[in-house]
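Reader: Can you walk me through this one? Keep it quick.

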Amino acid sequence: ILSKRSSSSFDSKSYDASQLAQLDDKCILVDENDRLIGSATKKECHLMENINKGMLHRAFSVFLFDSNKRLLLQQRSLQKITYPNHWTNTCCSHPVYSAEEIDESNGGIGIKRAAKRR
């Protein structure tokens, strides 16, 4: 979540350039039944004002276990815009709005491609 205030209050000067560039990535907008309805930037998707209006987007979480059933966790980078330095699952991200990652055939191959990409 980028800001509890409006998009005009988001101060980009304090963030890493590579993180800022990723805010322009197009996420897949969905309705409450996970049906594709369009796209919006990652920044737009994570602004509280849009979340409060009901904007939904696809995301995924990866949970990687070893042969001893131990879960690999990660500590998010201090440079992350959302939840910096927090401990979280193995990997989480978003499929991008592209033909390859929108593809819902074969058991949701698009989201699997997105997870492999990350």
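**Salt bridges and beyond**

Author: Aspartate 34 and arginine 58 make a salt bridge, with their closest N and O atoms 2.8 Å apart. A salt bridge here is a side-chain nitrogen of Lys or Arg within 4 Å of a carboxyl oxygen of Asp or Glu. This is a predicted model: local features need pLDDT of at least 70, side-chain atom pairs count only at pLDDT 80 or more, and totals for chains, interfaces and linings use all residues. Residues are numbered from 1 along each chain as its sequence is written, and side-chain values use heavy atoms, with hydrogens and water left out.

Reader: What does the pair of aspartate 34 and arginine 58 tie together?

Author: Aspartate 34 sits in the loop between β1 (26-30) and β2 (36-41), and arginine 58 in the loop between β3 and β4, so the pair ties together parts 24 residues apart in sequence. Strands (E, at least two residues) and helices (H or I, at least four) are DSSP runs, numbered from the N terminus.

Reader: How many salt bridges in the whole structure?

Author: Six.

Reader: Switching to confidence. What does pLDDT average?

Author: The protein averages 89, and 91% of the residues score at least 70. pLDDT is the predictor's confidence in each residue, from 0 to 100.

Reader: Which elements have the lowest and highest mean?

Author: Among the elements, helix α1 (residues 17-22) has the lowest mean pLDDT, 86. Strand β3 (residues 56-57) has the highest, 98.

Reader: And where does pLDDT stay under 50?

Author: Over residues 3-7. Where pLDDT is low, the predicted coordinates should not be read in detail.

Technical notes
Contact means heavy atoms within 4.5 Å.
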